[in-house]
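Welcome! Here is a friendly walk through a protein model, taken one region at a time.

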Amino acid sequence: MQADASPSGHHLVELKGISKRYGDLLANDRIDLAIEPGEIHALLGENGAGKSTLVKILYGVIEPTEGEILWEGRPVAIGSPVEARALGIGMVFQHFSLFDELTVAENIAVALSDDWSLATVRSRLGDISRAYGLALEPDRAVWTLSAGERQRIEIVRCLLQNPRLLILDEPTSVLTPQEAEHLFVTLDKLSADGCSILYISHKLEEVRRLCRRATILRAGRVVGTIDPRARSAREIAALMVGNEVGEVRSGTPHVPQGEMLRVADLTMAPGGLHGQALKHINLVASAGEIVGIAGVAGNGQSELFAALSGERLADRADAIAIAGKGCGTVGVDGRRRLGAAFVPEERLGHAAAPTHRLSENTLISHAAAEVSHSGFILVNAAKRLAGAIVKSFDVRTPEADPQARKLSGGNLQKFVIGREIIRRPRLLIVDQPTWGVDAGAARLIRQALVDLASEGSAVVVVSQDLDELFEVADRMAVIHQGELSALKPINEWTKEAVGLEMLGVSQSQGAAHAV
Ligand SMILES: Nc1ncnc2c1ncn2[C@@H]1O[C@H](COP(=O)(O)OP(=O)(O)OP(=O)(O)O)[C@@H](O)[C@H]1O
């Protein structure tokens, strides 16, 4: 990665008039964008603005309908990721593609061409790790690593191919604040060495920390290229959505009423080979309050969600009670009948069936009265329900009643959350409610959670986003290695105290305190 001061006077890459059409929808509409050598350039825009479409075009995953890409002034056709990498473009996706059972070095070697021996990978990995502060042990199995370490593997894998442009899609969404800061230092160093970075993020503060130029997309078009440091986060948000993003109103103060969820000494063996066991979990959520569960990913959140929703059953009925009824040994449908609703972390495949239309996707949780009768699906009722969800939760769709896979990530998230909230469940359990959604949509979702609790439901929010929990939760606990800390009113927590619990430096471990 040479500091290449564009000797020819050309931009490193220039997109000219790039459009991508899906039926009637222009996902990218005549986009012009230039990236200079060594620049960290942000790509901003609300959900569905066209960011993923644009970077997939640049990385050769999808073909533009129109437009031209110039690489150092020369027109190029990027027909596949292999061709993108040959030019010098690397991409770190949001979802990692690593083999859990293989070591760090093996994972890198399998992704590279046959010319790379394991020995070469190990020695180059050492060089790159040292040069960019990306500490990695080549012989560690991937399943033992944190999300931050996994991301480092993906970055190192790109760097081994000497990229001139690195594309990162929301890289900090899986990182702790400390890991994120570490990543920023690495990116600054890469940029100083002449590698350009195209950085997609919904977090304006980090964009202002890293970038001097940001291109903002709205509805497929460029609405401006700005210096994010010269504008306030509020101004940038306004450019993205066309109006200002407000604060979440707290509404009526939440007054906990009857107990809706009680978890009593829940212990569960790990689900898979590398899962996390749950250890003596005690938890109570009452009607009219939001209980937050904080923690770094991989500390038992998915296992807790699976146990609460009934995807995995406890060995005692009284380990979990919903509305006073022991249901630890009852499955998801039985718990739904008790008035509970669940939103899992993984939207496509788990919370929504990708190739089914939104109306069909309402059946996943609304199978009962509203949309089916004597085993028949009431097609029009399902369509009306999908339409109501789309309207109330501002879901932007490319066409009427599209397949779920055609929605942008954030819009699908709004649909899935809306589908559950619109049922007015007595108990809602949601895992990572605003993962990947833009500031406007995050506000809408948080507001809906707060309003649901104000109307008397119990809400449990599992989230890695501490700011989110401090904004919406009435009480909060931290999960670490399958154990839950004390559940305390939110105003008795500080960020430092949460950070210590996340690291397992507990001041108030345990079962006895958790209720
Ligand atoms: N395969 C597809 N068929 C039809 N429409 C699609 C398809 N893929 C994306 N779209 C539409 O293109 C538009 C842009 O989507 P894109 O995924 O690029 O947005 P984004 O800015 O990355 O959003 P997010 O922040 O939610 O990930 C959206 O309206 C989306 O519904």
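Two strands are said to pair if DSSP finds at least two bridges between them. Strands themselves (E, at least two residues) and helices (H or I, at least four) are DSSP runs, numbered from the N terminus. This is a predicted model, in which local features need pLDDT of at least 70, side-chain atom pairs count only at pLDDT 80 or more, and totals for chains, interfaces and linings use all residues. Residues are numbered from 1 along each chain as its sequence is written.

**The chain as a whole**

The protein chain holds 17 helices and 23 strands. Of its 515 residues, 45% are buried. Here a residue is buried if 20 or more other C-beta atoms lie within 10 Å of its own, exposed if 12 or fewer, and partly exposed in between, with C-beta atoms placed from the backbone. Two residues are in contact if their C-beta atoms, placed from the backbone, lie within 7 Å. Among the contacts with a separation of 6 or more, 68% join residues 24 or more positions apart.

The chain is divided into domain 1 (13-88 + 162-241) and domain 2 (256-339 + 461-515); such bounds come from an automatic or database domain assignment. The C-alpha centres of domain 1 and domain 2 are 37 Å apart.

**A sheet of four strands**

Let us begin with an open sheet of 4 strands, in the order E12-E11-E14-E15 and with antiparallel pairing. Strand E12 (278-286) and strand E15 (325-326) are at the edges with a single partner strand each, so one side of each has no neighbour in the sheet. Strand E11 (259-268) and strand E14 (320-322) are joined by 3 bridges in the antiparallel sense, and valine 263 is found opposite isoleucine 320 in E14. Helix H9 (301-309) packs on this sheet, where it touches E11, E12 and E14, and its direction makes about 60° with that of E12. For such angles, axes are lines fitted to C-alpha atoms, for helices over the stretch in contact, and values run from 0 to 180 degrees between N-to-C directions.

Two residues here deserve a second look. Most residues other than glycine have a negative phi, and most peptide bonds are trans. Histidine 280, however, has a positive phi near 45°; this residue is in strand E12. Histidine 280 is partly exposed because 15 other C-beta atoms lie within 10 Å. Alanine 323 also has a positive phi, of about 50°, and is located in the loop between E14 and E15. With 18 C-beta neighbours inside 10 Å, alanine 323 is partly exposed too.

**A sheet of six strands**

Another open sheet has 6 strands in the order E6-E7-E8-E3-E9-E10, and its pairing is mixed. Strand E6 (89-92) and strand E10 (221-226) are its edge strands, each pairing on one side only. From one strand to the next, the twist averages 20°. E6 pairs with strand E7 (165-169) in the parallel sense over 4 bridges, and glycine 90 faces leucine 166 in E7. Helix H5 (147-159) lies across E6 and E7 and runs at about 175° to E6.

**A covered strand**

How many residues of strand E13 are buried? The count is 5 of its 5 residues, over the stretch 290-294. In a regular strand the side chains alternate between the two faces of the sheet. In E13, Ile290, Gly292 and Ala294 point one way, while Val291 and Ile293 point the other way.

| Strand E20 (458-462) | 4 bridges | Isoleucine 293 and valine 462 |

**Around the ligand**

Which residues come nearest to the ligand? Of the 19 residues around it, they are Ala27, Asn47, Ser52, Ser408 and Gly410. A residue counts as near a molecule if its C-beta atom, placed from the backbone, lies within 6 Å of it. Strand E2 (25-35), helix H1 (51-58) and helix H14 (409-421) each give at least two residues to this shell. By class, the shell has 6 nonpolar, 10 polar and 3 charged residues. Ala, Val, Leu, Ile, Met, Phe, Trp, Tyr, Cys and Pro count as nonpolar, Asp, Glu, Lys and Arg as charged, and the others, Gly among them, as polar.
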